Amino acid sequence: MKNVWQTTLVAMLLCASLNPAGAAEPIKVGSFLTVTGPASFLGDPELKTLQMYVEDINAKGGVKGRKLELIHYDTGGNAKDAVNFVKRLIKNDNVDFIIGGTTTGDTLAVIPDVEKEGIPFISLAGAVEIIEPVRKWVFKMPHTDRMAVAKIYEDLRKRGLTKVAIITGDGGFDKSGREQLLKLAPQYGITIVADESYGNKDTDMTAQLTKIRATDAQAIINFGLGQAPAIVTKNIKQLGITLPLYQSHGVASKTFIDLAGEAAEGARLPAAALVVAEQLPDADPQKPVLMAYKNKYEAKYGPVSTFGGHAYDGLMIAVAAIQRAGGTDKTKVRDEIEKTQGFIGTAGVFNMTPQDHMGLTVDAFKLVEIRNGSWKIVQ
Amino acid sequence: MLEQIFQFLVTGVTVGSLYALVGLGFALIYNASDVVNFAQGEFVMLGAMTAIALLGAGLPLPLAALAATLAAILVGLLLERFAIEPAQGASVVTTIIITIGAAIFLRGVALLLWGKDFHALPPFSGDAPIRLGGATVLPQSLWVLGVTVLLVGLVRAFFNRTLLGKALLACSFNRAAAQLVGINVRVMLRLAYGLSAGLGAIAGILIAPITFSSYEAGVMLGLKGFSAAIVGGIGNPMGAVAGGVLLGLLEALGAGLISSGYKDAIAFLFVLLVLFFEPTGLFGHKVAERV
Amino acid sequence: MRLAGFYVFAAVVALLPVLFPTNYFVTVVGASAGLHVILAVGLNLLMGYAGQISLGHAAFFGMGAYASAILTTRFGWYSLLALATGLLVAGTVAWLLARPILRLRGHYLAMATLGFGIIVHVVMVQATRWTGGPDGLAGVPPLNLLGWTVEGDLPWYGVIMAAMLLTVWLSLNLVDSQVGRALRAVHGSEFAAQMMGIDIGRAKTQVFVVSALFAAFAGSLFAHQQAFVSPDSFNLIVSVELVTMVVLGGMASTFGAACGAIALTLLNEWLVVFEDYEMLIHGALLMAVMIFMPQGLFVGLSQGARRLWAMVRPKS
């Protein structure tokens, strides 16, 4: 009797998998991004990128004959909403995998649900805590803030500068950057002589910078997002401070240069190769990928930022994993994402392992300098 | 050290004048209607964003600024006509929620019109910092300071010297009595919204080169302007200025001398203390309650 | 009979998960709405009955949440003990603050509560060692009710709804008590109330403490339910939203406040699909409701229903 049931069940499953209607069912891509609110300049290009490439993939026939369907919710940068929307994606929309979590706060908030429900999740946020410790279902695309700090400190060492002043905002990105700045300083023989902060919506940072001016700092590092770093940059010039200025990868968009204007000249920052794609040697394997993304994005929306690139990387890695897994079985897709090797994305070359759910190395970052209102690779 | 403190003071006054300028608009509407208009910050944002957009479209700066101010005044009038007036007779709290709704609505409009990016206006007279003793200040900050002084003088004269201004004040003190002596309260209310929208827009245009602007810029500026107006004693234009400068100084000195992370907490702690000892602000009227 | 509305409400709340046990809008959004109802009903005691506005109510919500999160996560406390500590902290702060702050009137009170909210928020962001800073504290252990571990959406719906019904019931009773009558007198005219021999300071302090306790209670539940806390769940925008819920639903009515809380929660959930138009629609709806139903949704809708009934009622 038992055997009869089993055979029937197998037969039914077989039928279901052969059923053409079942095969044409779309692959549901869930997404929650910060499209409005303080981090909207990160989330906005991410969403545009996802929309653009989902359309593109569908126009080319989809994945394994199945179309992609993007379901997106805007968190406005509120972790509470992020948690609810992830539940909605999993339970109400039954998505197959999730790309999202523009900010570290949003990403960390949803991890308990993602782990409990068991769904592949590719985060677009920066902090190293997302993948340390490694969590079964959580992956991440952008470089970590630790790598950004390492890149800056390497350059300081090359220039023989050992005393730095740091100034950071009050957001998650800023605070976790500050933590890494403090943590890595001893390894590079760097002394932090001033540690100032500001509110991300403040309109003037001259008080903090005046304090920095009174120290014996040899360079200033500003870790922040949005318009605040531009104000810091302008205030530095206003106060007549001539120390070398380092910004974080959080300002790697054209908007920063536009806002800070001339004051931004000479500022250095670690950034993904995307902003300097044209300057790469033709032999660089990343170049064609970068140029293709850049041209496609700019034809539709205007200047690229590195943030949209992370969404591209995430979508492509997930799609490749689904192709290798031969379907959207969540466990199989997760395993395949973890096996991603030699994937050339906009952020660098990804080589994931069970111990490393990001797969990028420090070399993926380029150190760039702002010159004549544009980015230049520092050799 | 002395030089540092001087810079903190200069910073405090320049930031404070910015808050004061926004606070003025709050005082104006309050004077006419007893309502705190939570969309005041959005008038500031609309002024800045419209001016930026018009400048981008090729208009010269003075013309763009003028047109942006007029546009904001129009929005203020529309707001009064279609949102405040129909709710006449509603409680003050209900009216406040209407203005909150209006603020969200205006932000939504700005988002659709101009997207999410931050935009800057070029400074009116260059970027070269001016040295004052050991401190430096941007020419644009002097613009803000100068125009604030000018506008405060004008607003004060308007309320104290002109019949129109006095009529406006009368509406706030006692609406029914004002009506009885022949003041058209409805027109007065429109006037107040129009004027304060215009004031807000001017503030926005002046500070956009320093703070940049985006569809959300009104939230923070509105909050600081509201605080300035209240601490000074709401309804008193001079009070709004004093409150703004006080807030700016507290932030700058707090950041410079105590802790930059906690500077907002320091500033607001001080504000709380002020209110505990002066329950109607620094220059507010003491009113007795009617039974 | 006095509590007839309450029993109907409780029945609906109990029936929903039976009919839709896996529906996201019932179990997840419903739980979220339930927390908002607790907050709004508490705030309504202060705003609707005592006539005192608060633009810093999210601070008490946050105190409860952070007390539970910090004590259970960092010190391994038993969750109910942490919840009680959260109530104690919020209640004490409210009690200390009540006398000086409630002397203020109208907009000055709004300013002072707003400042208080900002100060608490700054501490949440800056005291990284304790609070985890702007990224918050993750991994808050589940709530443990005398051996029963609350996990999953449906159990959480149950716990939050039970808590919500308890607070609604408390609020209904409080309003009808002597304290409630004193409060309404304060709302009408403080001076007159004083002349009648009501100790205004005491009445206001009591209601301030009670509404802070409601908020902290919701906060503790919130921390365990989300397993995560971060400062942006307790900022000025949240405080303003809470005030909006109370006024939108209809002040000075417990069911009005509850109605506002549920309406705004559903609205946010529903509007998110409009992407860039979300804000525009949200603002317009808020204005429209307040213009056409200045008494709030609850009164407005029940009047509308009554009028509709009068029209369709068979004439005898």
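Which residue of chain C forms a salt bridge with Lys116(B)? It is Asp276(C), and the closest N and O atoms of the pair are 3.3 Å apart. A salt bridge here is a side-chain nitrogen of Lys or Arg within 4 Å of a carboxyl oxygen of Asp or Glu.

Some ground rules before I go on. This is a predicted model, in which local features need pLDDT of at least 70 and side-chain atom pairs count only at pLDDT 80 or more, while totals for chains, interfaces and linings use all residues. Residues are numbered from 1 along each chain as its sequence is written, chains are lettered from A and ligands numbered from 1 in the order in which they are written, and side-chain values use heavy atoms, with hydrogens and water left out.

I will start with chains C and B. Here 42 residues of chain C are in contact with 49 residues of chain B, contact meaning heavy atoms within 4.5 Å. The two chains bury about 3900 Å² between them, 81% of it on carbon and sulfur atoms. Buried area is the accessible area (1.4 Å probe) that two parts lose on being put together, summed over both. Of the area that chain C buries against chain B, 20% comes from His107(C), Tyr108(C) and Met279(C), more than from any other three residues.

The pair I opened with belongs to this interface, where the count is one salt bridge. The rule also finds five residue pairs in polar contact across chains C and B, with both residues at pLDDT 80 or more. A polar contact is a pair of N or O atoms within 3.5 Å; within protein, one must be able to donate a hydrogen and the other to accept it, and residues adjacent in sequence count only if both atoms are side-chain atoms. Among the elements of chain C that give two or more residues to this side are helix H4 (79-102), helix H5 (106-126) and helix H13 (278-292). Helices (H or I, at least four residues) and strands (E, at least two) are DSSP runs, numbered from the N terminus. H5(C) gives the most, with 13 residues. By class, this side of chain C has 32 nonpolar, seven polar and three charged residues. Ala, Val, Leu, Ile, Met, Phe, Trp, Tyr, Cys and Pro count as nonpolar, Asp, Glu, Lys and Arg as charged, and the others, Gly among them, as polar.

Next, chains C and A. In this case 25 residues of chain C are in contact with 29 residues of chain A. The area buried is about 2400 Å², and carbon and sulfur atoms give 50% of it. Tyr24(C), Asp135(C) and Gln226(C) lose the most area in chain C to chain A, together 23% of what that side buries.

How many salt bridges does the rule find across chains C and A? There are three. In one pair, Asp153(C) and Lys91(A) have their closest N and O atoms 2.0 Å apart. Asp153(C) also pairs with Lys87(A), at 3.7 Å between the closest N and O atoms. H2(C) gives the most to the side of chain C that touches chain A, with five residues. That side divides into eleven nonpolar, nine polar and five charged residues. Over all chains, the salt bridge count comes to 35.

Finally, two local points in chain A. Most residues other than glycine have a negative phi, and most peptide bonds are trans. Glu132(A) and Pro133(A) are joined by a cis peptide bond, with omega about 5 degrees. Pro133(A) lies in the loop between strand E4 (121-123) and strand E5 (138-140) of chain A. Lys64(A) has a positive phi, near 55 degrees. Its place is the loop between helix H3 (40-59) and strand E2 (68-74) of chain A.
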